[in-house]
Amino acid sequence: MGLVLQQTPDTVIDPSFSGLVVESDRKCILHRQRPGRFVAFEGTNTGRRFIGCATTFQDGVNYGVLELVDAPWPVILQRCLTKLWDMYHEENLGRVQDKEAHEIEVEKLKKELDSLANQYSQLVDDVSKLFDYQDGQKSHDMDYTSQEINELKEKKHHLEEKAKIEVQMEKLKLKKEQRCILQSQADIIQNTMKAMKEIQVERDLLKEEKKKLQHVISELLKAGHGCKEKLDKIKEVVMEE
């Protein structure tokens with residue numbers, strides 16, 4: 001039986017540990033279905049395998065089948081994971097704030113553009129009425145009005161181009177942020193797997209040293225060297241799992 005979790009963590013896809021648990025008859029208390037296999041991708045549990053509800057595991061609720069398969073990582077690895085996740089969340093917060101500022105600026109430009117478009121439409125209506133009423137007279141006033149129309153057209157065109165540029169810049173920024181997030185996730189997974197491999201190598205070396213020590217004790221006992229009672233006690237300690 002693994003360690004029980006209080007809440008379902010975020011997950012990452014791992015083909016080597018996925019699908020439903022068929023080795024036992026244990027089922028989710030809500031859906032009465034077999035639990036699924038998942039790999040955590042959150043905080044100090046990143047990379048640890050766990051069992052959870054296969055139907056609604058994303059809502060974070062424990063339906064009686066939520067438990068960790070792997071033991072906790074070493075303290076130094078947990079500290080590294082905590083630091084990496086803190087850096088990730090801090091960078092995301094900065095991106096969110098920049099995005100909100102850009103959205104406010106774009107919205108402001110849209111309002112200015114709409115206001116300018118309304119002014120332009122009103123001016124066109126006024127000019128049309130003036131043409132109908134005066135029937136081509138007061139050419140000087142009409143030239144002045146035409147000049148205003150041209151100025152408004154230029155302002156409208158300028159704002160439209162500025163808004164297009166802002167929208168395009170925002171799209172490029174979002175794409176860049178998505179790439180950064182994916183890279184951050186890949187780095188965390190890579191660092192976790194590397195640490196796991198180093199821990200496994202250390203465990204294998206300890207096993208080899210243990211075997212050598214057992215062999216030496218056995219040889220000493222056969223040859224009758226040293227105190228047999230002390231060697232037996234040492235051998236019992238070495239043989240413990």
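# Notebook: side-chain contacts in a predicted model

**Entry 1. Arg49 and Asp70.** I began with a salt bridge, in which the side chains of Arg49 and Asp70 meet with N and O 2.7 Å apart. I then looked up where the two residues sit: Arg49 lies in strand 4 (residues 49-52), and Asp70 lies in the loop between strand 5 (67-68) and helix 1 (75-134), so the pair ties together parts that are 21 residues apart in sequence. I noted that the model is predicted. Arg49 is partly exposed, with a relative accessible area of 32%. Asp70 counts as buried because its relative accessibility is 15%, and the limit for buried is under 20%.

**Entry 2. The count of salt bridges.** How many salt bridges does a search of the whole structure find? I recorded five. I examined two others besides the pair above, as follows.

**Entry 3. Arg37 and Glu23.** The side chains of Arg37 and Glu23 form a salt bridge, with 2.7 Å from N to O. This pair links distant parts of the chain: Arg37 is in strand 3 (residues 36-40), while Glu23 is in the loop between strand 2 (11-12) and strand 3, and the two are 14 residues apart. Is Arg37 buried or exposed? I recorded Arg37 as buried, because its relative accessibility is 18%. Glu23 counts as exposed, at 60% relative accessibility.

**Entry 4. Arg95 and Glu91.** I next looked up the salt bridge between Arg95 and Glu91, whose closest N and O atoms are 2.4 Å apart. Arg95 is buried, with a relative accessible area of 11%. Glu91 counts as partly exposed at 39% relative accessibility.

**Entry 5. Arginines over a ring.** Arg49 lies over the face of Phe17, at 5.1 Å from the ring centre. Arg37 also lies over the face of Phe17, at 6.0 Å from the ring centre.

**Entry 6. Aromatic pairs.** I found that the structure holds three aromatic pairs. One of them joins Phe41 and Trp85, which are edge-to-face, with 5.1 Å centre to centre and 75 degrees between the planes. Phe41 lies in the loop between strand 3 and strand 4 and Trp85 lies in helix 1, so this pair ties together parts that are 44 residues apart in sequence. Both Phe41 and Trp85 are buried.

Why is the pair of Trp85 and Tyr88 called edge-to-face? The ring centres are 5.4 Å apart and the planes stand at 90 degrees, so the pair is edge-to-face, the limit for that term being over 60 degrees. Trp85 and Tyr88 both lie in helix 1, three residues apart, about one turn of the helix. I recorded a relative accessible area of 8% for Trp85, which is buried. Tyr88, at 14% relative accessibility, counts as buried.

**Entry 7. A surface patch.** Which residues make a nonpolar surface patch of about 310 Å²? I listed Ile165, Met169 and Leu172. Ile165 is found in helix 2 (residues 139-223). Ile165 counts as exposed because its relative accessibility is 52%, and the term requires over 50%.

How values were computed:
Residues numbered from 1 in each chain as written. Predicted model: local features only at pLDDT ≥ 70, side-chain atom pairs only at ≥ 80, totals over all residues. Heavy atoms only, no water. Patch = residues over 30% accessible without salt bridge, like charges linked within 9 Å, V, L, I, M, F, W, Y side chains within 5 Å. Areas by Shrake-Rupley, 256 points an atom, 1.4 Å probe, with all protein chains shown as cover. Salt bridge = Lys/Arg side-chain N within 4 Å of Asp/Glu carboxyl O. Helix = DSSP H or I, 4+ residues; strand = E, 2+ residues; numbered from the N terminus. Buried < 20%, exposed > 50% of the residue type's maximum accessible area, 1.4 Å probe, protein only. Phe/Tyr/Trp six-rings, centres within 6.5 Å; stacked < 30°, edge-to-face > 60°. Lys NZ or Arg CZ within 6 Å of the ring centre and 35° of its normal.
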